[in-house]
Amino acid sequence: MNSITTATVSLGAVTIGLGILAWHLTKWWRGGGKGPGPGGGGGRDPKALIPLLSSMSLGMIAITAAGGLIGTAAGFLLNTGSLIGNWSLTAATGTVTPEVTRSGLKALSPGGCALLCIYFVVCVALWKSGAKLLKGKIAAGVTAGVMLGLSAGFSGMASVALVTITNTVGDKITGVVL
């Protein structure tokens with residue numbers, strides 16, 4: 001069994017992931033008229049970013065899964081995002097879209113995979129019980145996380161840290177010793 005994903009990410013997929021993140025951060029920064037200050041903008045409550053950022057974490061961890069239902073679904077989402085992103089970058093700017101996958105991919109340990117499954121169940125439960133706005137943030141966050149999780153840039157480094165933490169915590173919780 002291969003324990004490391006064979007997925008690759010293109011500049012188009014990274015552009016989609018960063019676009020989703022920029023969209024939600026801009027809406028959060030504007031504040032929607034909540035809070036003090038003229039014209040709103042003062043309602044920049046960091047707690048409002050929790051659904052987006054936690055579901056981005058799920059996407060970043062899920063794309064490192066080598067297979068199974070979660071890894072296969074994340075790979076399908078990444079491939080679809082790469083196709084759409086590559087097409088849109090080429091159509092909009094005429095540029096080429098190289099692969100920007102980081103080298104030295106970090107793999108999930110058995111305990112990390114168990115924790116990924118638990119985290120997935122928690123996010124699905126939140127999605128099922130949440131309002132329409134929450135569902136949109138969770139779906140957008142997972143999509144952005146999958147698109148950014150394997151990149152060679154800053155988001156890829158964040159993904160390495162998340163996978164390391166997931167493996168450590170998952171191994172401690174499940175008692176896996178390798």
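## Overall architecture

Of the 178 residues of the protein, 37% count as buried, where buried means under 20% relative accessible area, exposed over 50% and partly exposed in between, computed with a 1.4 Å probe on protein chains only. The model is predicted, so local features need pLDDT of at least 70 and side-chain atom pairs count only at pLDDT 80 or more, while totals for chains, interfaces and linings use all residues. Residues are numbered from 1 along each chain as its sequence is written, and side-chain values use heavy atoms, with hydrogens and water left out.

The protein has six helices and zero strands, and its pattern along the sequence reads α-α-α-α-α-α; helices (H or I, at least four residues) and strands (E, at least two) are DSSP runs, numbered from the N terminus. Among contacts with a separation of 6 or more, 80% join residues 24 or more positions apart, a contact being heavy atoms within 4.5 Å.

## The second largest pocket

The second largest pocket has a volume of about 340 Å³. Its lining holds 15 residues, of which Leu58, Phe120, Val124, Ile138 and Val142 are the closest to the pocket centre. On a 1 Å grid over the protein atoms alone, a pocket is an open set of points with protein on both sides within 12 Å along at least five of seven lines, whereas a cavity is a set where a 1.4 Å probe fits but cannot get out; lining residues have an atom within 4 Å of a point. Grid points are joined across faces, edges and corners, and the volume is the space filled by probe spheres set on the points.

At least two lining residues are supplied by each of α2 (50-62), α3 (68-93), α4 (110-129) and α5 (132-148), and the largest share, five residues, comes from α5. By residue class, the lining divides into 14 nonpolar, one polar and no charged, with Ala, Val, Leu, Ile, Met, Phe, Trp, Tyr, Cys and Pro counted as nonpolar, Asp, Glu, Lys and Arg as charged, and the others, Gly among them, as polar.

Ala144 lies in helix α5 and counts as buried because its relative accessibility is 0%. Not counting residues up to four places away in sequence, Ala144 touches Gly17, Ile20 and Met56; Ala144 and Met60, 84 residues apart in sequence, are 8.3 Å apart in space, C-alpha to C-alpha. Met60 is also in contact with Ser155, as is Leu148, when neighbours of Ser155 within four places in sequence are left aside. Ser155 is placed in helix α6 and is buried, with a relative accessible area of 15%.

Asn167 likewise lies in helix α6 (residues 154-174), and at 9% relative accessibility Asn167 counts as buried. Leaving aside neighbours within four places in sequence, the contacts of Asn167 are with Lys106, Ala107, Leu108, Ser109 and Gly112.

## A loop position and a charge over a ring

Ala66 has its place in the loop between α2 and α3 and counts as partly exposed, at 36% relative accessibility. Ala66 and Ala7 are 59 residues apart in sequence, with a C-alpha to C-alpha distance of 8.6 Å.

Lys135 lies over the face of Trp127, at 5.1 Å from the ring centre; a charge sits over a ring if NZ of Lys or CZ of Arg is within 6 Å of the ring centre and within 35 degrees of the ring normal.
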